[in-house]
Amino acid sequence: MKPQMQKVIVLDFGGQYSMLIARRVREARVYCEILPYDTPWEEIRKHGPAGVILSGGPASVYLEGAPRCDSTLFQGGVPVLGICYGMHLMARQLGGKVEQGSRSEYGRTAFTVYEREPLFQGECFEQEECCYGWMSHRDAVLEPPPGFKVLARTENGVIAAIGDDSRRLYGLQLHPEVQHTPGGMNILKSFLYHVCGCTPDWTPRSFVQYAVDKIKSSVGPDGRVVCALSGGVDSTVVAFLLDRAVGERFVSIFVDHGLLRKGEAEQVVDLFRSRLKGQFIHVDARDRFLKALAGITDPEQKRKIIGAEFISVFKEKALSLGDIAYLAQGTIYPDVIESGTVAGAAVIKSHHNVGGLPEELGFKLVEPLRELFKDEVRLVGRELGLPDSVLKRQPFPGPGLAVRVIGEVTAEKLELLREADAIFREEIEKAGLGQDLWQYFAVHTGIHVVGVKGDNRHYGPVVALRAVRSEDAMTADWAKLPFELLERVSARITGEIPGLARVVYDITSKPPGTIEWE
Ligand code: XMP
């Protein structure tokens, strides 16, 4: 099966939901990619799209300079679904009238469907409570373009959906991609399956086959590939795909920088030693990293040193292996989007990613996960038989515990932090709360305070606990953990770790805080 045969293109007009639209299409098991709104039709056509979705966006179509798409798109015979701004644009470019509505509609809005075929299919649109949609606009289509019918209106009489069945062009004022639109997924699926004729065959299994074939054809019959393992899900999935595709021509290198959590380095070594056909190299670089970090307190400097050190250790090892032409990396779709290579998106990511190795190393890149979202990477990992300890691993910063030790990083502080962190994680997992939280970890605050142990006053370090709920790490809420749990964790940490004086819980959300302390 060639999953990429059927592809839907999302044209990004700068809406906050473009990525969400793409995710929902993938959830409907149809492969899709995001392209900038002004991609010429000739370019779009090369993708052989089964359909095109125009995203929402902050602009107003009737203002000068408003972003437009190549209007040949609407004559290409390919189904198009315009969402919010996308609908306004389609309507205007095809001769309809779009203006600022007499009243704005934001949030949950009731609408009535006049034509259930083809978009509003399924039982859910027979039930009244499902005819709600989430709206976010001031502008509205006042007159649909010639050839279009009004398919639905809101309770205020605003046009909620339009369509031209003969040209297979549709527009929605409501946002089907957000969770607040019940039945939104039905609308998207109807467009994908009934209008575009897609079948839901973008599955983890089909992806594995596709990725293995693609790796084989890009590295050829003799090419050797190297990959850096971090212990995270992306690099692990990459390694297992590579192993399946090229077996003994694959070498994975695990640079142990000594900044992982308790037990993690051992887990990585066990998993790869026991499961990979290719060569697995474990570089114990713990002392080297500690030396490089000695005396350094500035977080950004720590990140830079760790990144540079990582590259130099990896380079030494990889170059000693002889004729290796390819480097496999765990770049995923949000990285591609955030790096600005897609959709003219602003560069959002400023974090140094330790997995990202520079071009000067001279390798040709193999990036089998470039097209996947994070949740899809996990599904592929499950398909490859990876254990939960990898699949459900919480996000962990590339510079590791170095950014969770405030001030200078020392072996002693790392050891104390590892123990406290392990206790916190264990108790959270025992309480069954792990899956509800985005991240939960301990921080060595670097400050010392007074405590009493036995009959003696004692002076020791403070550990902070941090647990947050988040969707995407851009914003986060501190987690309201049960007091009993915090009490147990505190008692265990102070009781089991000699020398530690105090435990505090961080009750700062992001913003104004960040998730990490450094
Ligand atoms: P902040 O602290 O900025 O973190 O709210 C947002 C997310 O990014 C992770 N993080 C990093 N990841 N290298 C990484 O690969 C880094 O230097 C880094 N700093 C923070 C953090 O764990 C959270 O998930």
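Reply: Here is a walk along helix H7 and the residues around it.

Keep in mind that this is a predicted model, where local features need pLDDT of at least 70, side-chain atom pairs count only at pLDDT 80 or more, and totals for chains, interfaces and linings use all residues. Residues are numbered from 1 along each chain as its sequence is written, and side-chain values use heavy atoms, with hydrogens and water left out.

H7 covers residues 264-275; helices here are DSSP runs of H or I with at least four residues, strands are E runs of at least two, and both are numbered from the N terminus.

Now for the sides of H7. Its buried residues (under 20% relative accessible area, with a 1.4 Å probe and protein chains only) are Glu264, Ala265, Val268, Val269, Leu271 and Phe272. They cover an arc of only 170° around the axis, which puts them on the same side of H7; the arc is taken from the directions from the helix axis to the C-beta atoms. The face turned away from that buried side carries Asp270, Arg273 and Ser274, which are exposed (over 50% on that scale).

And what do the buried residues of H7 pack against? Strand S10 (225-229), helix H6 (233-246), strand S11 (250-256), strand S12 (279-284) and helix H12 (388-391), where contact means heavy atoms within 4.5 Å.

Notes: The expected span of a helix is 1.5 Å times one less than its number of residues.
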